[in-house]
Amino acid sequence: MLKITTEAKEVLDQHFEGKDKEPIRIYIASACSGSRLALGLDAAKEGDETITLEGYDFVVDKDLLDQAKPMEINLTPMGIEVSSSLVFETSEGGCCGSCGSCG
């Protein structure tokens, strides 16, 4: 249902070193370059599933979890990424030109 790679866990361990481990939400982030699954610190809400994995609590909306499973949190050259069975459309040309935030 949810896995985390050793490399991604090491990044989380570094981030939380000396701090309390807060719940980490998996959610759909939308931007002008398209949508993707993302991580953010957030408490569980009604309608969420909490998955404890490698010492971390991950919270995700139950409907999203059903649609996206299996999910894997991994480390890429661009940072931590959440991969899943969901397929998101990407905007061609990225952000520049479509939302004007590049200039």
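Reply: Ring pairs join F16, Y56 and F58 into a cluster. Keep in mind that this is a predicted model, where local features need pLDDT of at least 70, side-chain atom pairs count only at pLDDT 80 or more, and totals for chains, interfaces and linings use all residues. Residues are numbered from 1 along each chain as its sequence is written, and side-chain values use heavy atoms, with hydrogens and water left out.

Me: How many aromatic pairs does the structure hold?

Reply: There are 2 aromatic pairs.

Me: Why is the pair of F16 and Y56 called tilted?

Reply: Rings of Phe, Tyr and Trp (its six-membered ring) pair if their centres lie within 6.5 Å; planes under 30 degrees apart are stacked, over 60 edge-to-face, and the rest tilted. The centres of F16 and Y56 are 5.7 Å apart with planes at 45°, so tilted it is.

Me: And what makes Y56 and F58 a tilted pair?

Reply: Their rings lie 6.4 Å centre to centre, with 50° between the planes.

Me: Why do F16, Y56 and F58 count as buried?

Reply: Buried means under 20% relative accessible area (exposed is over 50%, partly exposed in between; 1.4 Å probe, protein chains only). F16 has 5%, Y56 has 1% and F58 has 1%, so each one counts as buried.
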